[in-house]
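Please keep the sequence and the structure in view while reading.

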Amino acid sequence: MPHCAPVHMTNKEKKIIIVGGGFAGVATALRFEKKKIPNTKIVLLVDRPHFEYHGALYRTVTGSSPLEVCIPLRDIFKDTDVEVLEDKVASINKTEQVVLGSSGSRYHYDYLVIGVGSVTNFFSIEGLDKYSYGMKTVSEAIRLKQHIVETLLTCKIDFTNKLEQICDAHFIVIGAGATGVELAAEIVVYAKKLATEYGIDPSLVSVDLIEAAPRILPGLPESFTKRIEHHLRGLGVNIFLNRSIEREEYESVYLKDMQMKARTVIWTAGVRANDLYAATGLQVDKRGKAEVDEYLRAVGETNIFIGGDGANTLRSGMAQTALDHGKHIAEVIAALILEKKLPVHREHEPIYAIPSGPGWAGILWGNFKLYGKSGWAVRRLVDFIVFVHVLPLGKAIKIFQTNQSICDSCSICSVEAPHKHD
Ligand SMILES: Cc1cc2nc3c(=O)[nH]c(=O)nc-3n(C[C@H](O)[C@H](O)[C@H](O)COP(=O)(O)OP(=O)(O)OC[C@H]3O[C@@H](n4cnc5c(N)ncnc54)[C@H](O)[C@@H]3O)c2cc1C
C-alpha cells in the first residue's frame with residue numbers, strides 16, 4: 001500500500017494490538033486512547049504486569065526502594081479503555097494478522113505495534129552469562145543489591161585475612177556506557193558506606209570500571225565526558241580503558257593481558273534487540289533492530305509499527321526516544337484510520353543525563369553542558385518528566401515526592417531472578 005493510501009473504512013471495529021509494556025508500548029497506548037476514535041479497540045499484550053523504569057535501576061542496586069522503578073500497568077491504564085492482557089508473545093503470523101501468545105491464545109490485529117525492547121548481549125564471551133550479574137531488570141537489580149550487602153557481611157565475618165577481604169570487596173563493572181558509569185559511581189560510594197557500618201576498613205573496597213574503547217562513554221563527545229571521568233576517579237573508581245574481556249571463570253575475569261579476582265562482576269557492555277523482530281520475518285540490521293520507514297512502520301509492511309529500542313533509528317536505545325516513537329506511532333495509526341495525511345517522524349535531540357554518584361550528574365543537551373549538583377537536579381527533573389508521561393500528574397508527583405512507587409506491594413516487581421553462582 002502506498003504511504004498515504006486511505007484505509008478502506010467500514011463500521012467494523014479496528015483492533016490495535018500493542019506488544020510490550022515499556023516506554024514505546026505504553027506511550028502508544030496512552031496517546032492513541034486519548035483520541036477516543038470510535039470503533040477502535042486497543043489491547044496491550046505484556047509479559048509482566050508492571051512497567052519498569054530502567055533509568056533509576058542503579059539507585060535500586062545501592063539501597064533505594066525497588067518500588068521507585070516499578071509501576072503497575074493497572075495503575076497506568078486505570079481510567080482508560082486500554083485492555084491490558086498478560087501473555088508473553090511467542091510468535092506473529094503476518095499473513096493471518098494474528099499474534100500468538102504463550103498461553104495459546106490468538107489475537108487478531110488490524111494494526112500491530114511491536115515495542116519489546118532489547119535484551120542483554122554477552123557476545124558469546126565464555127563464562128559471562130554464567131558468572132556475571134546483569135543490569136536490565138528490577139529483579140536483577142534487587143539480586144545485585146542483596147549480593148553486595150551479603151558480600152560485605154561475609155567479608156567481615158569470614159575473613160580476618162586481608163587478602164581474602166580485598167578479593168571480596170572488589171567489584172568489577174564491565175562497560176563504561178551510561179549504565180556502567182552510573183553503576184560504578186553509585187557502588188563505590190555505597191560499598192564504602194556499608195563497609196564503614198560493618199566495621200570493615202573502607203579502603204579495602206575497590207571498584208573497577210573496564211571499557212574496551214579508549215575512553216568512557218564512547219558514544220558521547222569527549223569534551224563532555226572528560227569531567228565525568230575526572231569525577232569518577234575522584235570517587236575512587238579505577239578506570240581501565242582499551243581493555244576487553246576474554247572470558248570469565250568462577251571469581252576471575254580474564255582480560256587480554258591480566259587476570260582479576262573478584263566475586264562480583266557486573267556486565268553492562270552489551271544489548272541487542274529482542275529476537276521477536278527477526279523471528280517475525282521483519283527486515284533487521286546486524287543488532288537485530290527492525291528497519292523502519294519515515295512513519296516508523298516496519299519496512300515492507302503496511303500495518304506493523306516498531307517503537308523504542310527495537311527500531312533502527314538514529315537515537316533508539318534511549319527512553320526519551322522510545323516515548324517519542326510511541327506517541328508518533330499513535331498519530332500515524334490515527335491518521336490511517338481517519339484517512340488523513342500521515343505525519344513524518346523526526347527524531348528529537350535527547351538530553352543526555354549521566355548520574356555519577358549520589359547528588360552529581362553530567363548533562364549534555366546540544367552544546368549545553370552542566371555538571372555537579374545542578375546537573376543532578378536536571379537529571380531528577382528528567383526522571384519526573386518520564387513519570388508524567390506514563391502516569392497522571394497527581395500520581396507522578398506522589399512517587400517523586402516520596403521517592404516510592406504506588407505499588408501496593410513489592411511482590412510484582414521483586415520476582416526472584418534465578419540465582420547463579422552465589
Ligand atoms: C540499566 C539501564 C539504565 C538506563 N538508563 C536510561 C536513562 O537514564 N535514560 C534513557 O533515556 N534511557 C535509559 N535506558 C534505556 C531505556 O531504558 C530504553 O531505551 C527503553 O526502556 C526502551 O523502551 P522500549 O519500550 O523499547 O523497551 P522496554 O522499556 O524495555 O520495554 C519492553 C517491554 O516489552 C515487554 N516484552 C518483552 N518481550 C515480550 C514478549 N515476548 N511478549 C510481551 N511483552 C514482551 C517487556 O516486559 C517490556 O514491558 C536504560 C536502560 C537500562 C537497561
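## Helices α1 and α10

Which residues in α1 meet which residues in α10? In this predicted model, Phe23, Ala24, Gly25, Val26, Ala27, Thr28, Arg31 and Phe32 are the residues that α1 brings to the meeting, while α10 brings Ala319, Ala322, Leu323, His325, Gly326, Lys327, Ile329, Ala330, Ile333 and Ala334. Sorted by class, this contact of α1 with α10 holds 12 nonpolar, four polar and two charged residues.

Two packed helices are described by the angle between their axes and by the distance between those axes. For α1 and α10, the axes come within 7 Å and cross at roughly 40°, and the crossing in which α1 passes α10 is right-handed.

## Helices α7 and α8

A second pair is formed by helix α7, which covers residues 178-198, and helix α8, which covers residues 222-235, and their axes come within 9 Å and cross at roughly 25°. Because angles under 35 degrees count as roughly parallel, α7 and α8 are therefore roughly parallel to each other. The crossing of this pair, α7 and α8, is left-handed.

On the side of α7, the contact is made by Val181, Ala184, Ala185, Val188 and Val189, and on the side of α8 by Ile228, Leu232 and Leu235. By class, the contact of α7 with α8 has eight nonpolar residues, with no polar and no charged ones.

## The shell around the ligand

There are 33 residues around the ligand, and of these Gly20, Gly22, Gly55, Gly117 and Gly308 come nearest. The elements that give two or more residues to this shell are α1 (23-34), β2 (40-46), α7 and α10 (319-337). By class, the residues of the shell divide into 14 nonpolar, 14 polar and five charged.

Terms used. Residues numbered from 1 in each chain as written. Predicted model: local features only at pLDDT ≥ 70, side-chain atom pairs only at ≥ 80, totals over all residues. Axes fitted to C-alpha atoms, helices over the stretch in contact; angles between N-to-C directions. Helix = DSSP H or I, 4+ residues; strand = E, 2+ residues; numbered from the N terminus. Parallel < 35°, antiparallel > 145°, perpendicular 65-115°, else oblique. Left-handed = near helix turned anticlockwise from the far one by under 90°. Contact = placed C-beta atoms within 7 Å. Nonpolar A, V, L, I, M, F, W, Y, C, P; charged D, E, K, R; others polar. Near = placed C-beta within 6 Å.
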